[in-house]
Amino acid sequence: MTTRRVATCCGAGLPSGNAVAKLFNLRGGVHPEGRKELSADRPIRSLPLPRRLYVSLQQHIGAPAIPMVNVGDQVLKGQLIAAAQGAVSSSIHAPTSGVIVALGDHPAPHPSGLPVPTITLESDGEDRWIEMEAVADPFELSPEDIAARVGAAGIVGLGGATFPAALKLNLSRSSGVQTLIMNGGECEPYLTCDDHIMRERAVQIVEGIRLIAYAVAAKEVLVGIEDNKPEAIAAMQAAARGSAVQVVAMPSMYPMGSEKQIIQVLTGKEIPAGGRPADIGVLVHNVATAFAVQQAIRYGRPLISRIATVSGGAIRQPCNLEVLIGTPVQELIEYTGGYTQPAARLVLGGPMMGQQFTNTAVPVVKGTSGVLALTAKEIGQTEASPCIRCSTCVRACPVGLLPLEMAAHIRASDLSGAVDLGLKDCISCGSCSYVCPAHIPLVHFFNYAKGDLATQERAKLKQEATKKLADARNERMARIERERAEAAAKRKAAREAKERAAKEAAQKAQDQAATETA
Amino acid sequence: MNPIAHSPHAHAPVSIGKVMGTVMLALTPATFFGFWLYGWPAINLWAVSLIAAIVGEAFAVRLQGRAVRPALMDGSGILTAWLLAISLPPFAPWWIAVLGSLFAVVIGKQVFGGLGQNVFNPAMAARVMLLISFPLEMTTWVAPAPFGSAHAPGLLESLRITFLSQPLDGMASASLLGHVKTEFTRGIGLEQALTGYYSPMDMLWGSRAGSLGETAAVLLLAGGLFLIARRIITWHAPVAMLLGVAVPALLFNTIDGNHYAGPMYHLLSGGLMLAAFFIVTDPVTSPNTALGQFIFGLGCGLLTWIIRTWGGYPEGVAFAVMIMNTVSPLIDQYVKPRIYGRDRKGAAMPVKKEA
């Protein structure tokens with residue numbers, strides 16, 4: 001086992017917590033240059049109301065939402081404008097009041113920049129809320145009701161995975177969760193949005209956490225925060241005092257904000273390969289999600305805005321902004337004073353797992369935690385050179401894989417060899433690529449291979465389905481043929497029997513006639 | 001705007017060139033000590049080795065139709081030649097250095113496909129080739145003649161030594177391992193063989209007959225610790241190699257002190273320190289995992305001790321490393337890290353829920 005109990009590092013120089021937590025060792029991980037200082041001391045500011053909002057219908061894992069409005073419709077802030085479609089989907093609400101001016105395609109916050117179905121809302125400048133149902137004591141609601149309200153509010157995981165939160169609550173309640181872990185890791189360099197929401201809205205977050213814990217009947221609630229955020233730890237500990245919520249300082253390490261890693265460091269447990277946290281009785285939510293849950297349950301406010309960090313060496317005034325979903329990224333960059341120098345790369349999310357984008361017209365979506373404009377020096381990537389098998393990637397991998405061997409197999413088009421080495425266990429955290437002295441884009445290899453594998457598996461499924469259909473058809477044809485033959489044989493037999501009977505009768509008659517004549 | 005790039009969008013400030021440069025920096029103290037100890041001929045030999053490696057590698061890369069500049073700029077060929085040079089007898093003729101360097105970078109590396117593809121450590125392969133092909137030149141040692149000492153060769157004389165193979169009278173000497181081996185064959189016991197010949201302090205500081213940069217154990221150790229501190233290498237392979245030599249040495253020395261030398265004698269002689277920190281830590285030819293590297297180092301150490309003790313050659317490091325190089329892929333086959341959420345065999349962990 002790679003995990004073993006170590007002395008807690010909680011609370012050095014911090015206000016004494018309400019819990020003495022034991023931490024567990026992690027393997028691998030890297031320590032990328034944090035660059036959080038750029039925006040760490042910038043309190044959350046609200047972006048002025050944009051004129052137009054581009055609300056994408058695909059803001060979550062799963063099927064896109066179905067629009068519920070038409071062009072020309074007047075909508076109020078918080079009004080449902082697109083409904084969830086299917087189980088793993090989420091509703092979308094109007095970020096402000098105004099008129100729907102278009103239902104069409106708009107560039108998506110995705111590296112391809114390809115357009116996706118989008119509702120365009122022109123703001124009327126009044127920012128008028130729809131009537132909302134506030135709840136005086138949310139703890140009087142039933143757990144099912146809480147999950148339903150979270151679902152109605154369109155809340156998805158704000159840590160980046162954008163999994164519908166209500167679905168996670170329901171799954172967790174049905175499979176019996178013991179431990180609720182709130183993820184305040186925020187291990188991505190540059191990003192400070194979770195740090196600031198914890199510093200500034202700790203009371204609401206803790207209430208949101210208690211609501212989630214109540215909704216899934218968790219017995220233990222741990223809030224893991226990296227120790228490079230002392231103010232956030234202090235604020236959360238103060239807000240959690242007197243409740244069952246335990247705030248735990250964790251060592252700063254990338255990828256501490258990954259679900260698997262935060263579970264491991266706080267509980268020592270590992271999610272079985274191919275499984276989910278619920279399999280070991282754990283539920284993980286991001287702290288910003290808890291805030292959204294509190295707002296939805298207590299005040300009936302749907303998720304229409306989020307906190308995002310705008311940062312990077314090319315940004316004049318890095319900061320944390322509360323932005324409406326659908327705001328074009330361009331407006332965020334302009335609000336922060338624009339560029340100090342041409343950006344070598346624009347990234348949505350953090351630099352380790354975020355996605356490059358090229359079109360600044362793309363909108364903020366529910367999962368947008370950061371907008372980064374990086375300089376060439378910050379990217380630090382150059383031409384790849386040959387692998388010297390230094391195994392730095394092996395030491396960095398938090399999952400225990402052999403990235404260099406996997407890449408060698410993929411380079412040789414041996415996907416099954418890569419799978420044998422654990423390709424499917426790779427969490428694409430980028431630690432291996434980050435440390436590789438040969439600058440080999442290892443994660444790129446793995447994601448390419450995973451995509452290829454998925455395509456192959458789909459093709460295989462399709463082929464199997466086709467084969468099954470063909471087999472069924474062949475069988476059916478054979479059966480029809482057989483039945484036809486049998487029927488023909490039966491008919492023939494009947495005819496022959498008849499003929500024989502007639503012949504016999506004729507013979508009999510002849511014989512009789514012969515006897516009679518004799 | 002740049003073309004679409006994949007995450008991560010940040011990179012640690014490292015490169016292969018920097019890694020190789022750091023290793024060369026770590027080799028510098030021991031090398032400079034060798035220069036001081038053996039004078040101008042040692043400097044000539046080192047320079048000739050490096051030049052031959054650069055020219056040979058450029059030629060080989062050009063033949064393969066690959067870009068020459070990046071292949072040379074990574075510094076791996078120069079490092080190989082450097083490692084080979086400091087393992088040579090300091091007064092060896094120029095063609096030993098040239099042949100060795102060319103063999104190392106062309107046969108030892110480029111023939112296998114270039115950087116990262118070779119099976120054997122190129123420097124050790126070249127050394128073994130030279131040792132087998134030119135045993136006389138490869139075992140002609142000289143007593144130290146530091147700069148400023150009475151019998152230190154001058155610049156002109158040193159050019160004659162290196163380039164005209166002019167022998168130097170009165171300076172020939174045996175290395176400690178060779179001396180003991182010879183004495184053993186004459187039936188002389190260890191204690192007597194070492195009397196007046198062996199001083200642990202000299203061994204530590206390296207003022208004795210031996211290879212160009214192998215003798216100063218302390219300086220090599222310091223370079224190795226520097227590499228560990230800079231996270232270029234880990235402790236696993238070096239410590240394992242030292243243990244692999246020291247443990248059997250201690251055991252057999254305790255049993256029969258007159259036939260088997262003790263651990264200090266083994267640890268401080270020959271190329272052990274150089275190999276432990278600079279050769280068995282070669283990423284290309286050693287296993288991937290920490291445990292694998294430990295096993296690899298242990299094997300190198302044990303084989304070194306066995307060859308030194310019972311083999312035909314006085315020194316066994318180069319042979320031991322090459323033998324273990326062939327085992328390295330096998331170690332990688334069997335020693336793999338445990339994957340998160342799986343057991344050692346790779347099966348998914350069972351789902352165990354708390355009651």
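Trainee: What makes A:Cys432 part of a helix?

Mentor: A:Cys432 lies in helix 13 of chain A. Helices here are DSSP runs of H or I of at least four residues, and strands are E runs of at least two, both numbered from the N terminus. This is a predicted model, so local features need pLDDT of at least 70 and side-chain atom pairs count only at pLDDT 80 or more, while totals for chains, interfaces and linings use all residues. Residues are numbered from 1 along each chain as its sequence is written, chains are lettered from A and ligands numbered from 1 in the order in which they are written, and side-chain values use heavy atoms, leaving out hydrogens and water.

Trainee: Why is A:Cys432 called buried?

Mentor: Its relative accessible area is 8%. Buried means under 20%, exposed over 50%, and partly exposed in between, with a 1.4 Å probe and protein chains only. A:Cys432 is therefore buried.

Trainee: Which residues does A:Cys432 touch?

Mentor: Leaving aside residues up to four places away in sequence, A:Cys432 touches A:Cys393, A:Pro403, A:Leu442, A:Val443 and A:Phe446. Contact means heavy atoms within 4.5 Å.

Trainee: What does UniProt list under "binding site"?

Mentor: The unreviewed entry lists A:Cys397, A:Cys426, A:Cys429 and A:Cys432. They are spread over 36 residues of sequence but cluster in space, with a largest C-alpha distance of 10.7 Å. Such annotations may be inferred rather than shown by experiment; the positions are in the numbering used here, and feature names are shortened.

Trainee: Where is A:Cys429, and is it buried or exposed?

Mentor: A:Cys429 is in the loop between helix 12 (415-420) and helix 13 (431-435) of chain A. Its relative accessibility is 6%, so A:Cys429 counts as buried.

Trainee: Why is A:Arg201 called buried?

Mentor: A:Arg201 has a relative accessible area of 14%, so it falls on the buried side of the cut-off. This residue sits in the loop between helix 3 (193-200) and helix 4 (202-216) of chain A.

Trainee: What joins the side chains of A:Arg201 and A:Glu322?

Mentor: A polar contact of 2.7 Å. The term needs a pair of N or O atoms within 3.5 Å; within protein, one must be able to donate a hydrogen and the other to accept it, and residues adjacent in sequence count only if both atoms are side-chain atoms.

Trainee: What makes the contact of A:Arg389 and B:Asp332 a salt bridge?

Mentor: Their side chains meet at 3.1 Å, N to O. A salt bridge is a side-chain nitrogen of Lys or Arg within 4 Å of a carboxyl oxygen of Asp or Glu, so the pair qualifies. Between chain B and chain A the count is three salt bridges.

Trainee: How much area do chain B and chain A bury between them?

Mentor: About 4500 Å², 56% of it on carbon and sulfur atoms. B:His9, B:His11 and B:Tyr340 supply 20% of the area that chain B buries against chain A, more than any other three residues. Buried area is the accessible area (1.4 Å probe) that two parts lose on being put together, summed over both.

Trainee: Which strands of the open sheet in chain A are the edge strands?

Mentor: Four strands form that sheet in the order 4-10-9-6, with antiparallel pairing. Strand 4 (52-56) and strand 6 (74-75) are the edges, since each pairs on one side only. Two strands pair if DSSP finds at least two bridges between them. Five bridges join strand 4 to strand 10 (residues 115-123) of chain A, so these two strands pair.
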